[in-house]
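Thanks for coming. I will go through one model today, starting with confidence and ending with some backbone details.

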Amino acid sequence: MKIKSIKTIWALSLTTVFALSCSENEYLEEINPNAITTDVFWESSTQFDAALTTVYGATQFQSISGGDLQFEMMLGDEAGTESWYAPFAYRNLTYTDGASQIANKWSQLYIGIYRANQVINNLATADTSVFAEGERETIEAQAKFLRAFFYFQVAHTFGGGVIKLDAIESAEDLPGTFSTIDEITNSIIIPDLEYARENLPQTWDDSNIARVTWGSATSLLGKVYLYDEDWTTAASLFKSVIDSGIYSLTANINDNFRHENEFNSESIFEVAYNAEISPASGGAAVDDNSFETGAEASTLATAVGQLNYGGYNTVLPTYFLHELFVNDEVDPSNPVNDDNLQSKRMGGSVVPSNGDGLYYNVEPGSKGWAYGQSTYAKKHANWYHLEFEDGNSRSGINFRHIRYADVLLMYAEALLNSGGSVDEAIEYIDMIRARAGVITLRQYLNENGNTFPQLHVSKQVNGTQPMVPATAATVLTHLQRVERPLELCFEGHRYKDLVRWGIVQEVYNDLRAEEIWREENFEAIEDQAPLFIRERIRPDFLFSSQNYTPAVHNYFPIPAAEVQTNDGL
């Protein structure tokens, strides 16, 4: 969907909403009794819930939860690509304000905001007698959570945005001035999430399992405060989610990346997709029929899937990420391991040529893994049950925006930054490491004189990894450079994390230096452990390390079409 500006979005919506309500000077007085107009639509709880469904439906847009996220994955340290693939401009930081992904992201988020505003504003004047007890508040709480989510994405993707809260009555209401992250956060996101927390249930029955909950609102609010560096408030909110007992880590980490066992114990905010509905249409087609059944299909599997198996493999894991997974050392005494030589989260996230198990039903390495590709992405792909990705770019794998593992890591981060217990932070990090079947930080500390290795340091390049004591600073570095990229790669968090920590240039420089070393020593390392790189070194950070300017690249620019059509900008 390529609608180019807020003005266009709302103008089109106005045309639809008001076409049947113009004055009698323009149309005959006779009224079609079968037409649904704004005068008669907002009259029942069923109609409000139908409108709410379209707000949920906006979360399924490809730039928000689907295949177009591939472009944003290029910005961090988790993914590279090749010069002949579309995301190349994002990897090199040479994109412009005219790029289609930037325009699509902006417009799709504001479609969601506009739909949420319609529900919220019409609820304010609705006849309360048409709702069952608490029903009106629950509908409003869902709409406000979703509006807060869309605005959080706007604010932290574009560094701010245009605030629109009122119903749009005419074209004169469309322009708006630019507001900062803080202004959007304080005037919209926090109030909306506070209302959602107070009025959403902790759980829904199975027929409503895709709806947001108290845990969704509390977790996102904690993330808002984490981004604002209010560590104490963030920690308190995350701890309330942990202590609620509602959520737990799945025994099998792969349950979070497949179409099986969706909306599981780890799911806090999840967007549904379905590959079975409308199988003849392409994955990018949007109809917003039902968010519960996932009426839309995701195109993300095709974006990340390997070319030899029907995918485009435009998302290529970096050497940094590959080596992180190699360093994710399996603990043979952990019962989650069977005969796997690589960590459980490596098995669900990336596949090297020597990967465990089957990949699209054949041995890894039998096709591809040449010309500098040391590993391919598995997360979000259908490698585990199909021989080839769908020819219409359709996938039914849900997208998880917030899962419990993320909350545990964000809680640990808030503890480390607020002067909390380092031991407690390690405890929550180790819950995730143990689930992955790898040696925990506590095991390293017990076996190495209360020190642990800096696992983000490349052994291939540097020979060894420094051992450091467990302080707030060193454990925080581990969380930032090791734990979050390993656990949450390709889930939409990485570049926002690097930006808020202020370490983008540092990361780019480190990884470019490692590329240079590999280029200079390629003859000695070609097709050798740990990465088994063949033919050449892929230069993922050659240009980004030179081009990065915080004021220019921390956030996407406002789309050119929006600036041209919005006098307020």
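This is a predicted model, and its average pLDDT is 91, with 90% of the residues at 70 or higher, that is, scoring at least 70. The exception I want to flag is residues 1–31, where pLDDT stays under 50. The model does have 49 contacts for that stretch beyond four places in sequence.

Next, the aromatic rings. How many aromatic pairs does a search of the whole structure find? The count is 28. One of them is Trp 84 with Tyr 371: the ring centres are 6.2 Å apart and the planes are at 25°, so this pair is stacked, since planes under 30 degrees apart count as such. Trp 84 sits in the loop between β1 and α6, and Tyr 371 in the loop between β6 and β7, so the pair ties together parts that are 287 residues apart in sequence. As for solvent, Trp 84 is exposed at 52% relative accessible area, while Tyr 371 is partly exposed at 39%.

The pair Tyr 90 and Tyr 95 is also stacked, because the centres lie 5.2 Å apart and the planes are at 20°. Are these two tyrosines buried or exposed? Tyr 90 is buried at 4% relative accessibility, and Tyr 95 is buried at 11%.

Now the interior. In soluble globular proteins, nonpolar side chains tend to be buried together. Here the largest nonpolar core has 145 residues, and the members touching the most others are Tyr 90, Phe 145, Phe 150, Val 407 and Phe 490. Which helix gives the most to this core? That is α8, residues 135–158, with 13 residues. There is also a second, separate core of six residues, among them Ile 525, Leu 531, Ile 533 and Ile 537.

Leaving out residues up to four places away in sequence, Val 407 touches Ser 219, Phe 238, Val 241, Ile 242, Ile 268 and Ile 402. Helix α15 covers residues 404–417. From first C-alpha to last, α15 reaches 20 Å, close to the 20 Å expected for its 14 residues at 1.5 Å a residue. The helix is mostly covered, with 13 of the 14 residues buried. After α15 comes Gly 419, with a positive phi near 80°.

Last, the backbone. Most residues other than glycine have a negative phi, and most peptide bonds are trans. Where is the cis peptide bond in this model? One joins Ala 529 and Pro 530, with omega about 10°, and Pro 530 is in the loop between α22 and α23.

Two positive phi values in residues other than glycine are worth noting: His 380, near 80°, and Ser 393, near 55°. His 380 is in the loop between β7 and β8, and Ser 393 lies in the loop between β7 and β8 as well. His 380 is buried at 7% relative accessible area, and Ser 393 counts as buried at 15%.

Notes: Residues numbered from 1 in each chain as written. Heavy atoms only, no water. Phe/Tyr/Trp six-rings, centres within 6.5 Å; stacked < 30°, edge-to-face > 60°. Helix = DSSP H or I, 4+ residues; strand = E, 2+ residues; numbered from the N terminus. Buried < 20%, exposed > 50% of the residue type's maximum accessible area, 1.4 Å probe, protein only. pLDDT = per-residue confidence, 0-100. Contact = heavy atoms within 4.5 Å. Expected span 1.5 Å × (residues − 1). Core = buried A, V, L, I, M, F, W, Y, C linked by side-chain atoms within 4.5 Å.
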